[in-house]
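Here's a quick tour of the side-chain and packing details in this model. Have the viewer open and follow along.

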Amino acid sequence: MNKTEIINRLKAGNQNFVNDKLSSKNQKYNRRQALTEGQDPFAIVLSCADSRVVPELVFDTGIGELFVVRVAGNVANTSTIASIEYAVAHLGTQVIVVLSHQNCGAVTAAVKGGNNGYNLNHLLSHITPAITDSDENATVNDISKKNAKFTVQDLSNRSSIITDAVNSNKLDIVPAYYQLDTGQIEFL
């Protein structure tokens with residue numbers, strides 16, 4: 001598939017999820033066996049670690065179709081960037097989706113501020129630029145969408161592997177937003 005076909009495949013899969021018509025394909029023994037020697041995912045998804053956001057389900061995909069990296073707040077930190085670089089450089093994956101979502105707890109914690117301990121404060125600091133750039137009346141959901149867009153920029157700005165792939169037209173990075181209540185994904 002080319003990049004446009006991949007995005008269309010993800011959108012169609014999401015419609016299956018929204019309509020409660022999951023295909024359950026590529027989830028059985030034969031698929032597991034076919035992937036023992038390697039993988040060829042058609043998309044990378046940088047998603048929040050929130051248990052309500054399951055990329056393989058919301059895009060109606062099976063084993064080996066998505067390279068999923070999950071971290072609270074779907075932030076581009078050193079570990080998530082390195083994982084994504086692996087998929088770009090070694091697997092040739094052509095699309096990265098940065099998937100934010102409704103009522104994100106990490107964004108809520110970042111907005112509230114305070115001392116959450118060294119590790120969580122460090123993670124939440126990646127969300128601060130989206131807060132700073134938002135209107136004072138912005139909702140957590142508005143900031144979550146902006147954070148996805150900022151994370152797209154971070155991926156390019158902080159990785160020569162990703163930047164080179166984008167510049168050579170081998171990779172697209174797209175922000176998206178998942179509605180918990182409807183299951184619908186909006187590509188931003």
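Is Y86 buried, partly exposed or exposed? Y86 is partly exposed, at a relative accessible area of 37%; the cut-offs are under 20% for buried, over 50% for exposed and partly exposed in between, with a 1.4 Å probe and protein chains only. Keep in mind that this is a predicted model, where local features need pLDDT of at least 70, side-chain atom pairs count only at pLDDT 80 or more, and totals for chains, interfaces and linings use all residues. Residues are numbered from 1 along each chain as its sequence is written, and side-chain values use heavy atoms, with hydrogens and water left out. Helices (H or I, at least four residues) and strands (E, at least two) are DSSP runs, numbered from the N terminus.

**Aromatic rings**

- A pair of aromatic rings is described by the distance of the centres and the angle of the planes.
- Searching the whole structure turns up two aromatic pairs; rings of Phe, Tyr and Trp (its six-membered ring) pair if their centres lie within 6.5 Å, and planes under 30 degrees apart count as stacked, over 60 as edge-to-face and the rest as tilted.
- F17 belongs to helix 1 (residues 3-18) and Y178 to strand 4 (residues 172-178), so the pair ties together parts that are 161 residues apart in sequence.
- Y178 counts as buried, at 4% relative accessibility.
- F67 and Y86 make a tilted pair too, with 6.1 Å centre to centre and 40 degrees between the planes.
- F67 is in strand 2 (residues 66-70) and Y86 in helix 4 (residues 78-91), 19 residues apart, and the pair links these distant parts of the chain.
- On the F67 side the pair is buried, since F67 has a relative accessible area of 14%.
- K145 lies over the face of Y177, 4.7 Å from the ring centre; a charge sits over a ring if NZ of Lys or CZ of Arg is within 6 Å of the ring centre and within 35 degrees of the ring normal.

**Helix packing**

- Two packed helices are described by the angle between their axes and the distance between the axes.
- The axes of helix 8 (residues 140-157) and helix 9 (residues 160-167) come within 6 Å and cross at roughly 100 degrees; axes are lines fitted to C-alpha atoms, for helices over the stretch in contact, with angles running from 0 to 180 degrees between N-to-C directions.
- L155, S156 and N157 of helix 8 meet I162, T163 and V166 of helix 9, where contact means heavy atoms within 4.5 Å.
- Sorted by class, the contact of helix 8 with helix 9 has three nonpolar, three polar and no charged residues; Ala, Val, Leu, Ile, Met, Phe, Trp, Tyr, Cys and Pro count as nonpolar, Asp, Glu, Lys and Arg as charged, and the others, Gly among them, as polar.
- Helix 5 packs on helix 8 at about 105 degrees, with the axes 9 Å apart, so helix 5 and helix 8 are roughly perpendicular to each other.
- V107, T108 and V111 in helix 5 touch V140, I143 and S144 in helix 8, and by class that contact has four nonpolar, two polar and no charged residues.

**Loop residues**

- Most residues other than glycine have a negative phi, and most peptide bonds are trans.
- D60 isn't a glycine, yet has a positive phi of about 50 degrees; D60 sits in the loop between helix 3 (55-58) and strand 2 and is buried at 3%.
- N74, also not a glycine, has a positive phi of about 40 degrees; N74 is in the loop between strand 2 and helix 4 and is buried at 1% relative accessibility.
- Q102 is in the loop between strand 3 (95-101) and helix 5 (105-112), buried with a relative accessible area of 11%.
- Not counting residues up to four places away in sequence, Q102 touches N141, Y177, Y178, Q179, L180 and D181.
- The C-alpha atoms of Q102 and L180 are separated by 5.8 Å, though the two residues are 78 residues apart along the chain.

Key: Angles under 35 degrees count as roughly parallel, over 145 as roughly antiparallel, 65 to 115 as roughly perpendicular and the rest as oblique.
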